[in-house]
Amino acid sequence: MRVVSLVPSLTEAIARSAPGALVGATDWCTHPADLDVPRIGGTKNPKLDRIVALAPDLVIANEEENREPDLRALREAGLEVLVTEVRDVPQAFRELARVVEACGAVRPRWLDEAEDAWSALRPPARRTTAVVPIWRRPWMVLGRDTFAGDVLSRLGVDHVYAGDADRYPRIPLEELRAAAPDVVVLPDEPYRFTADDGPEAFPGLPCALVSGRHLTWYGPSLAEAPRALGEALRAALR
């Protein structure tokens, strides 16, 4: 089986579950760190001719990460494309199992461990409100119907814009501050928020700097995400 992955988190899942199957991945596929395969551009601007030249048996994509015109072009070139949709944690587990099976691998141990970690999770009794920026200049936040939002909800965190009409609304900074959440959650991707870039915009509000991989990736990182995110949130709220 020859597989090209257009989704960083699924690249990690495939590499861990079907060693040797990957023959191409995006420039943003950073895990595993020792992944040594041809790079085929970004998730939003893949080099289609390079993908076709790799002659994969299967291209793995995601309806949010990748653009439909690119996926259509790959199909028209005669390639099989599997498109995933992940909006919550249970759906992530179902789609991961489907991807692993499509790549010709048996169900991996890490997937069972990840499901166990989330099944055992007991959110705190008190719900926490949060604003979750994913970009600045302009400021954008988590809105409705997102995987990351569901992850946080299962940890006892209700993000303020979960009911917004948009999935990733642009909100003026003044409005974000005025929302007065219990905590501002700042992931290190897609925008790389750091201790020196992000918290200063929210004076007087606790800020939790979290791993974007744990918050937004669906793959092996799901096994450690409840612990890692929970620790970051508790540290910010002390």
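In this predicted model, an open sheet is built from 4 strands in the order β8-β5-β9-β10, and the pairing is parallel. The edge positions are taken by β8 (157-159) and β10; each has a single partner strand, so one side of each is left without a neighbour in the sheet. From one strand to the next, the twist averages 35°. Strands of a sheet pair through backbone hydrogen bonds, in either a parallel or an antiparallel manner.

Within this sheet, strand β5 (residues 128-131) is joined to β9 by 2 bridges, and these strands run parallel. Ala-130 has Val-183 in β9 as its bridge partner. Strand β9 (residues 183-187) is in turn joined to β10 by 4 bridges, again with the strands running parallel. Here Pro-187 stands opposite Val-210 in β10.

Strand β10 (residues 207-210) has two faces that can be told apart by their cover. Ala-208 and Val-210 make up the covered face, whereas Cys-207 and Leu-209 make up the uncovered one. In a regular strand, side chains alternate between the two faces of the sheet. Helix α9 (residues 225-237) lies across β5, β8, β9 and β10, and runs at about 155° to β10.

Another set of 4 strands forms an open sheet in the order β2-β1-β3-β4, with parallel pairing. At its edges stand β2 (22-25) and β4 (81-84), each with a single partner strand, so one side of each is left without a neighbour in the sheet. On average, neighbouring strands of this sheet are turned by 20° against each other, direction ignored. Strand β1 (residues 3-5) and β2 run parallel and are joined by 3 bridges. In β2, Ala-25 is the bridge partner of Ser-5. Helix α3 (residues 68-76) lies across β3 (58-62) and β4, and its direction is at about 155° to β4.

The loop between β3 and α3 contains Asn-66. This residue counts as buried because its relative accessibility is 5%, below the cut-off of 20%. Leaving aside residues up to four places away in sequence, Asn-66 touches Leu-6, Val-7, Thr-43, Ala-61 and Leu-71. The side chain of Asn-66 reaches two backbone atoms: the oxygen of Thr-43 at 3.1 Å and the nitrogen of Asn-62 at 2.8 Å. Between the C-alpha atoms of Asn-66 and Arg-87, which are 21 residues apart along the chain, the separation is 15 Å.

A contact between helices was also examined. Two packed helices are described by the angle between their axes and the distance between the axes. The axes of helix α4 (residues 89-102) and helix α6 (residues 147-154) come within 9 Å and cross at roughly 120°. On the α4 side, the contact is formed by Val-89, Pro-90 and Ala-92. These meet Phe-147, Asp-150, Val-151 and Arg-154 in α6. By class, the contact of α4 with α6 has 5 nonpolar and 2 charged residues, and no polar ones.

Conventions:
Residues numbered from 1 in each chain as written. Predicted model: local features only at pLDDT ≥ 70, side-chain atom pairs only at ≥ 80, totals over all residues. Heavy atoms only, no water. Axes fitted to C-alpha atoms, helices over the stretch in contact; angles between N-to-C directions. Contact = heavy atoms within 4.5 Å. Nonpolar A, V, L, I, M, F, W, Y, C, P; charged D, E, K, R; others polar. Pairing = 2+ DSSP bridges. Buried < 20%, exposed > 50% of the residue type's maximum accessible area, 1.4 Å probe, protein only. Polar contact = N/O pair within 3.5 Å; in protein donor to acceptor, adjacent residues only side chain to side chain.
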